[in-house]
Structure formats: C-alpha cells, structure tokens
Amino acid sequence: MALAAEGVISRMLRRPRAAPAPEAAAVLAALPLPAVVLDAENRFRLANPAAEIFFQLSQTSLQGLALAELLPPDNRLFALLHQVRHSESPVADHDLALESPRLHRSGVSAHGAPLSEHPGHVVLTLQDGSTAAMLDRQLHFQGAARGATAMAAMLAHEVKNPLSGIRGAAQLLEQGAAEGDRELCVLIQEETDRIRNLVDRMEMFGDRPIEPRAVNIHSVLDHVKRVAQSGFAAHLRVVEEYDPSLPSVWGDRDQLVQILLNLVKNAAEAVDPRDGEIQLVTAYHHGVRIAVPGSSERVHLPLTVMVRDNGPGIPEPLRATLFEPFVTTKKGGQGLGLALVAKLVSNHGGLIECDSRPGRTTFRLSLPGAPAGAAPENDE
C-alpha cells in the first residue's frame, strides 16, 4: 500500500501545475462581440472594446450612462432585460432595431443573462447582423458593377461606331431637306448625341486599375465642398465634422473626388432648398476588416467618411438595389451615378453603405489607410 501511495504521489508531482485562470475583465475585453454589464437601473457598469465600437462611445463615456439615454423606453431590448431579471435565466431576442438619434442599428441579436453575484445586474451581448448584410450587399454591388463594365465594353464597340455614321448621314440629309424634314434630321442628331453621351458615361465603368497614393481625405472634402458651394449647393448649409487626427487614405485622389462629388450632388438634389443641410463627417474606427477573395489576407478599413443630408429619405423599395445601374429616383435620371460610386469604392478595396429614413440619409464609406512610410500625395 505504501508503495502504491508513493506511486500516486509521484505521478501527481510529475503533473504540470494548472495555469492560473485568466481574469474576467481580460476575457471580456478579448471577446469579438459587444458585451456590457448593466445594473438594476439599466446603467452601464462595464463595456468591452467591441461595445465601444458598437455604441460609438468610449468606456469612460458609457460608464454610468443609462441605457434610456441611448434608446427610447419602448424598445424591445428593455423587455428582454426585464425578462432576464424576472426569470433569473438567460433570454435571447433577434432582429432588434436599436433606433434613436444617437444610435441606429438594425438586425441586432441580443443575449442577456443574470449576474448572480450582483442582484439585478445583467450581462448583455449584442451581435450586429447589419454588418454581415452590408458585406453581402457589397458583393452584390460589385457583381452589378462587373456587369456594367462588360456592358460598357460591348456598347463602346457595337454602338458608338454606328452612331457616328447615323449622325453624319443626318447632317448630310439636313442640308438638302425641306423645312419640315430638317427638324427630323436635327432630332436624329440630338438623339444620337444623347445615346453617345450615355455610352461615354458607361465607359467610365471600365476596369482601369488605380495607382494608390497616400491622400489627405480632408483636402479632398474641402475641394468637393468648394465645387459644390460654387454651383449646385450654393444655397445649402454644408457642415464639417472632421477627425483632425485622421491618417491618409490609400487611394486615387481623382476617383475619391468623383465619389464624394457624386454623393454630395445627390444630397443637394434631395434636400429642401430652404432649410437643406449636408454634413461631411470623418472618423476612425478600428473594427472593420474584410477578407480578400482568394487569399488569407484581411484588409483593414478604419477610415470612415460620411455624407449625410436631412432630405426626405430614399424610398424603401429602392434601397436594396440602390447601387445597381439604371436605378434612380430622379426624373430624367439615368441611374449611373451611384453605380459608378460603388465601382470606384470597390476599386479602392473599400465598402459603401446607405442608411436612410425620413429626415436623415447617410452614405458611409469605409476606406483603407495608407501603409506606414507612404509618401503623401501633393494636394491640388
């Protein structure tokens, strides 16, 4: 027996000691999902970094803040918290809309569980389904842009050359035609010009690779603002909300100007001429990364640029196809502006999304930052 006991003790001594358990705060901070602790009065007591990104508030700002200051009291999230406390068991809800002037998230899944050591406290984790939906829509937009690219190449080859012949023939006929027939010849020329201009716009979808440089996005926005206020937005108020510490964007300056000019022009045409307002916003967010198809590489898209207006909003039936070619809400519009924007953003490896409701429409760009050591491009 003694020998057996010695053998057991010897084996126990040879076993590696168990590593100390990690601290709860460290585990919470490492979670990729937003996680917070709310007390019995629904005030924030703890928030991990993912929650800071979700609520777009620092942990210091969230500490002690009441959830009712971020959401209206009739939001379904409050019912979930009540059920957790009443049943003293975990409760989940899905497809929540967290809507308020300070927060706008849709398709959110929430999981709440009681914190037994602290009565009334709830651990709440949130999962934003809108991000996955945004990426799915982005792939759809890229597919639409590729379709437009193929169409552009076909139109340029098959349509522009015959158009030149038709226009030339109409000019010759006009010279010897009677007065009434001369008007028809002019009409033919005007229509061929219109079709040629449409084809020229479609050719902009061609696959021309960009040569990215470090671009100061605030310089681009200032240029866009000057152009807008000297023309189509001269009667509107343009508000700037810039993050002055924002690093350079890795992209093509001319294409970035074209992207933002299109978005600002759309905003100017959407708002009321009397009290219309356009906001240009920049911010830095750590959490946006996307996988590059066909490789294990992930692109970090920390730079956010927003164009926001106080117009009537985009009709719900159009939002899902907003960036596809030939989709438009404008009378006489061709529906190529936003399709081109989506194509140019895709050229930069970035993302674009639209959040619209009556009185507030936001186009949000997520763009890559310039690599360390990249020489900045000279401002024009």
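**Close-up views of a predicted model**

**View 1. Strands β3 and β4 pair in the antiparallel sense.** In this predicted model, strand β3 (residues 91-99) is joined to strand β4 (residues 104-114) by six bridges. The two strands form a hairpin, with four residues between them. Within the pair, Asp-93 stands opposite Ala-110 in β4. Strands of a sheet pair through backbone hydrogen bonds, and the pairing may be parallel or antiparallel.

**View 2. Five strands make up an open sheet with mixed pairing.** The order across the sheet is β7-β9-β12-β14-β13. Its edge strands, β7 (237-241) and β13 (351-357), each pair on one side only. From one strand to the next, the twist averages 15°.

**View 3. Strands β7 and β9 pair in the parallel sense.** Five bridges connect β7 with strand β9 (residues 277-284). Here Val-238 stands opposite Ile-278 in β9. Helix α9 (residues 217-229) packs on the sheet and touches β7, β9 and β12 (303-309). The direction of α9 makes about 175° with that of β9.

**View 4. Helix α10 lies across β9, β12 and β14.** This helix spans residues 253-270, and β14 spans 360-367. Helix α10 runs at about 25° to β12.

**View 5. The whole protein chain gives the setting for the close-ups.** The chain has 12 helices and 14 strands. Of its 380 residues, 37% count as buried. The chain exposes about 21200 Å², of which carbon and sulfur atoms supply 56%. Among contacts between residues at least 6 apart in sequence, 62% join residues at least 24 apart.

Conventions:
Residues are numbered from 1 along each chain as its sequence is written. This is a predicted model: local features need pLDDT of at least 70, side-chain atom pairs count only at pLDDT 80 or more; totals for chains, interfaces and linings use all residues. Side-chain values use heavy atoms; hydrogens and water are left out. Buried means under 20% relative accessible area, exposed over 50%, partly exposed in between (1.4 Å probe, protein chains only). Contact means heavy atoms within 4.5 Å. Accessible areas come from the Shrake-Rupley method with a 1.4 Å probe; for residues, only the protein chains shown count as cover. Two strands pair if DSSP finds at least two bridges between them. Axes are lines fitted to C-alpha atoms, for helices over the stretch in contact, and angles run from 0 to 180 degrees between N-to-C directions.
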